[in-house]
Amino acid sequence: MDMINRYLKAVERELPEDKKVDIIRELRANLLDEIEAKTSGNPSQADNKTVAKILIENGHPQTTALQYAPLSPLVASDDMPLYKRVISHSAMVLFLFSLLMGSTHLVEQQSINVFSFLYQIVGNFVSLAAPLLIAVTWAFYYLGKHGQLSQWQSKKWSPYELPAEDVEMNSRSDSISEVITNVFGLLIMWTPLWMAPEVANKLILGFSSDMEHWRIILTVVAAISLAGAVYRLFFRYWTKLTLGAYILEYFVYIAGMLYLSTQPQLIVITNSQASDLTPILASILDYAWYIGAIILTLLVIKYIKQWRRL
Amino acid sequence: MDEKRLNKLRLELRRGVLILAVLGASKTPQYGYSLRKHLIDSGIDIDEGTLYPLIRRLAEQGLLDSEWKHAEGRERRYYQLSEVGSQVLEQLSADWRNMNSSLHTIL
């Protein structure tokens, strides 16, 4: 009897509070019936060996508790594909955000430290990933419990709306890198809005006075490009219109780069102690505009070929 | 195929059938052990760790009624098919017979 009591106590510890009394009461009755059957109707005469055999047959206390009161999964297996997609998309957005935070931290530094930059990105990502994982899992648990996910997943769809077999799809990694580039560009262009003047004054690099004229134009271009990249993240099939707009965007960038290469530089050395670096920076930026324009031209050729296939 | 995988397939095959067997065997009041014995005597081998929690689940779903009774200085929980359970058993039995006859032609 002592062994049965110990077994029941072990099972009880694993059970939810509101079910303990009822389940243990029933389990005790069932075990006594099993013992009674093995001892010709006299359970009190059962030796430890017989009781142990019955308890082993019944299962490990933890297993028994789980069989009587199964735990409901946080995410149902039917919802798993959607859960994985939400987690991976959220992780991408989080990484983007961490990269931006790391980059703004880098801009504020007086010297470039690669390890500090990577540490910032990884640190930000890890500290944000845990609450995100908990929030998404909780949302799935809550919505799954109330049947809202299955309702949403069984929404009507039409086979007529399926994309063509040979549909051209945009690259998700390209869209993500474009989102990052544009957001970073906007942040850099608008440093006066978020960077303290004393920090900005300490920077080696800064914008020339011509930037005041260019800031609005470049902001509009970057904002349109950002909106396009975000749109492509969600609508991944190319159409003649969307790919055409994308090619047009590239033409605008190429034209802008070629024009800027003929203008006074927008980025200048602002620290007087580093003024001897001015000619080096000017030649680097000149080459940068040309190289950028060449790379974008090659990409435009590729996209025009793709556009003709649509 | 190795024994482990075969046993897993057997388990999947038996899972739904066991519910039908338990409902069918609960037309008269049964307590856990008596129901198990009844099933074993009918050729359906089921271990206690599977059967007893299953009866509780069926009762929670309203397919079985339950009642505690005292006898011979002991208490036992008796289960019996509820009204809803009887309707479900009837439907499931019809489905089983249809499926069984279809399977006969295939196998």
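I take a salt bridge to be a side-chain nitrogen of Lys or Arg within 4 Å of a carboxyl oxygen of Asp or Glu. The model I am reading is predicted.

**Entry 1: salt bridges within chain A**

I started with Arg6(A) and Asp2(A), whose side chains form a salt bridge with N and O 3.3 Å apart. I looked up where the two residues sit: they are 4 residues apart in helix H1 of chain A, so about one helical turn separates them. I noted both Arg6(A) and Asp2(A) as exposed.

I then checked Lys20(A), which pairs with Glu17(A) in a salt bridge, the closest N and O atoms being 3.3 Å apart.

**Entry 2: salt bridges between the chains**

I counted 20 salt bridges over all chains, and 10 between chain B and chain A. I picked out Asp33(A) with Arg76(B), where the closest N and O atoms are 2.8 Å apart.

I next took Asp22(A) and Arg77(B), which meet in a salt bridge at 3.2 Å, N to O. I placed Asp22(A) in helix H2 of chain A and Arg77(B) in strand E3 of chain B, so this pair joins two chains. I have Asp22(A) as partly exposed, at 26% relative accessibility, and Arg77(B) as buried, at 16%.

Which residues are linked with Asp22(A) and Arg77(B) in a network of salt bridges? I found Glu26(A) and Arg56(B) in that network.

**Entry 3: Glu26(A)**

I located Glu26(A) in helix H2 of chain A. Is Glu26(A) buried or exposed? I read 3% relative accessibility for Glu26(A); the cut-off for buried is under 20%, so Glu26(A) counts as buried. I listed its contacts, leaving aside neighbours within four places in sequence: Arg56(B), Trp68(B), Arg77(B) and Tyr79(B).

**Entry 4: the interface as a whole**

I found 17 residues of chain B in contact with 18 residues of chain A. I recorded a buried area of about 1800 Å² between the two chains, with carbon and sulfur atoms giving 43% of that area. I noted that Arg56(B), Trp68(B) and Arg74(B) supply 33% of the area chain B buries against chain A, more than any other three residues.

I also looked for polar contacts across the interface and have 15 residue pairs, both members at pLDDT 80 or more. I traced the chain B side to helix H2 (32-41), helix H3 (48-60) and strand E3 (74-81), the elements that give two or more residues to it. H3(B) gives the largest share, 7 residues. I sorted the chain B side by class: 6 nonpolar, 3 polar and 8 charged residues.

**Entry 5: nonpolar cores**

I found 40 residues in the largest nonpolar core, where Leu31(A), Leu39(B) and Leu51(B) have the most contacts. I saw elements of chain A and chain B among those giving it two or more residues, including helix H4 (61-68) of chain A and helix H1 (3-25) of chain B. I followed Leu39(B) beyond four places in sequence: among the residues it touches are Ala21(B), Ile44(B) and Leu51(B). I noted a second, separate core of 17 residues, which includes Ile121(A) and Met211(A).

**Entry 6: chain B overall**

I counted 4 helices and 3 strands in chain B, in the order α-β-α-α-β-β-α from the N terminus. I have 36% of its 107 residues as buried.

Notes
Residues numbered from 1 in each chain as written. Chains lettered and ligands numbered in written order. Predicted model: local features only at pLDDT ≥ 70, side-chain atom pairs only at ≥ 80, totals over all residues. Heavy atoms only, no water. Contact = heavy atoms within 4.5 Å. Buried area = accessible area lost by both parts, 1.4 Å probe. Polar contact = N/O pair within 3.5 Å; in protein donor to acceptor, adjacent residues only side chain to side chain. Nonpolar A, V, L, I, M, F, W, Y, C, P; charged D, E, K, R; others polar. Core = buried A, V, L, I, M, F, W, Y, C linked by side-chain atoms within 4.5 Å. Buried < 20%, exposed > 50% of the residue type's maximum accessible area, 1.4 Å probe, protein only.
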